[in-house]
Amino acid sequence: MAILNILEFPDPRLRTIAKPVTVVDDRIRQLVDDMFETMYAAPGIGLAATQVNVHERVIVIDLSEDHSEPLVFINPELEVLTDELDEMQEGCLSVPGFYETVTRPDRVRVKALGRDGEPFEMVCEGLLAVCIQHECDHLNGKLFVDYLSNLKRDRIRKKLEKLHRAQANA
Ligand SMILES: [Zn+2]
């Protein structure tokens, strides 16, 4: 397994719309395993392939504290099941150090393929519902900062650009 490089906002590659996976083969399973290792090392609770500059529709999530509940979603499709909205503080490995409140539907159904290529569906609520929506957004080139005001998003962008310049000169 390998730890992959995570793209950071405002990298334009994060705006790429990912393509569906055509075959869940060993190459995709290797990607899934590398994404888990990358996410656990970061550490984070969700990662989309877009964030590691692979533009295919693959998501990994693990909300447990001991890495015991790995979830794989290949070609995920979301269906919103409720009008009720949840406000939650969101962060993102591609927007390190920033946490902001985002409002999203509280319950969604996701249909996807698993690591074995078999289709499955599950109903997600609470943190998992937020997380799966956040990761699906990545596959569509969207980031949680897009839900914020222009002022807030620009402030985050400027701070991260400054940080990236400092890292490049270090
Ligand atoms: Zn994210």
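Modeller: Let's start with a definition: a residue is buried when its relative accessible area is under 20%, exposed when it is over 50%, and partly exposed in between (1.4 Å probe, protein chains only). This is a predicted model, so local features need pLDDT of at least 70 and side-chain atom pairs pLDDT 80 or more, while totals for chains, interfaces and linings use all residues. Residues are numbered from 1 along each chain as its sequence is written, and side-chain values use heavy atoms, with hydrogens and water left out.

Biologist: On to charges. How many salt bridges does a search of the whole structure find?

Modeller: For a salt bridge, a side-chain nitrogen of Lys or Arg must be within 4 Å of a carboxyl oxygen of Asp or Glu. The search finds 13 of them. One joins the side chains of R13 and D11, at 2.7 Å from N to O. R13 is partly exposed at 39%, whereas D11 is buried at 17%.

Biologist: Which residue forms a salt bridge with R27?

Modeller: That's E56, and the closest N and O atoms are 2.9 Å apart. This pair links distant parts of the chain: R27 sits in helix α1 (residues 26-41), E56 in the loop between β1 (46-48) and β2 (58-61), and they are 29 residues apart. R27 is partly exposed at 48% relative accessibility, but E56 is buried at 16%.

Biologist: What about E90 and R104?

Modeller: They form a salt bridge too, with the closest N and O atoms 2.7 Å apart.

Biologist: Now the rings. How many aromatic pairs are there?

Modeller: A pair of aromatic rings is described by the distance of the centres and the angle of the planes. Rings of Phe, Tyr and Trp (its six-membered ring) pair if their centres lie within 6.5 Å; planes under 30 degrees apart are stacked, over 60 edge-to-face, and the rest tilted. The count comes to two pairs. F36 and Y40 are stacked, at 5.7 Å centre to centre with 25° between the planes. Both lie in helix α1, four residues apart, about one turn of the helix. F36 is buried, at 9%.

Biologist: And how are F73 and F120 arranged?

Modeller: That pair is tilted: 5.7 Å centre to centre, 40° between the planes. F73 lies in strand β3 and F120 in strand β7 (residues 119-125), so the pair ties together parts 47 residues apart in sequence. F73 is buried at 0%, while F120 is partly exposed at 29%.

Key. Helix = DSSP H or I, 4+ residues; strand = E, 2+ residues; numbered from the N terminus.
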